[in-house]
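Trainee: Can we go through this one together? I have the picture open.
Mentor: Go ahead, ask what you like.

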Amino acid sequence: MPDEIRERAGVPVLVCDPVGPLLATEQDALDLIGAAFLGAQVVAVPASRLDERFFALGTRFAGEVMQKFVNYRLRLAVVGDISAHLAASSALRALVYESNQGGHIWFVPDLDALDTRLRAAA
């Protein structure tokens, strides 16, 4: 399945293919943002498509990617099980907790949980 814009909970979401290319550079993030500009308000990226540097906060890669989405006023949802990363990093746990309190960046276990968040935000 290619990355495609689908309506989820009444919101257009760019749902990224779990086996698509790795998001490993700022340019990769900008490419997703560009694809979302075709009509999406949210980009749902499977956790499996994120380079390992995203979860190692010392690399600053997560912050760079997340800031791009905020700057372009697009919501980013990281979809999937990141429990192994959370167990290894209290800083990542804090980032995920704080992000999930806001309205721009969410970490959710699956697309159904994203739907719940989208309905609650409406």
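Trainee: Which residues are exposed on the other side of α4?
Mentor: Ser-90, Tyr-97, Glu-98 and Gln-101 are exposed there. Exposed is over 50% relative accessible area, buried under 20%, and partly exposed in between (1.4 Å probe, protein chains only). This is a predicted model, where local features need pLDDT of at least 70, side-chain atom pairs count only at pLDDT 80 or more, and totals for chains, interfaces and linings use all residues. Residues are numbered from 1 along each chain as its sequence is written, and side-chain values use heavy atoms, leaving out hydrogens and water.

Trainee: And which residues of α4 are buried?
Mentor: Leu-92, Val-96, Ser-99 and Asn-100. Down the axis of α4 they fall within an arc of 95° (taken from the directions from the helix axis to the C-beta atoms), so they line one face of the helix.

Trainee: What do they pack against?
Mentor: The buried residues of α4 pack against α2, α3 (83-88), β5 and α5. Contact means heavy atoms within 4.5 Å. Helices (H or I, at least four residues) and strands (E, at least two) are DSSP runs, numbered from the N terminus.

Trainee: New topic. In what order do the strands of the sheet come?
Mentor: The order is β1-β2-β3-β4-β5, in an open sheet with mixed pairing. Two strands pair if DSSP finds at least two bridges between them. β1 (4-8) and β5 (105-108) are at the edges with a single partner strand each, so one side of each has no neighbour in the sheet.

Trainee: How do β3 and β4 pair?
Mentor: In the parallel sense, over five bridges. Val-42 has Arg-75 in β4 as its bridge partner.
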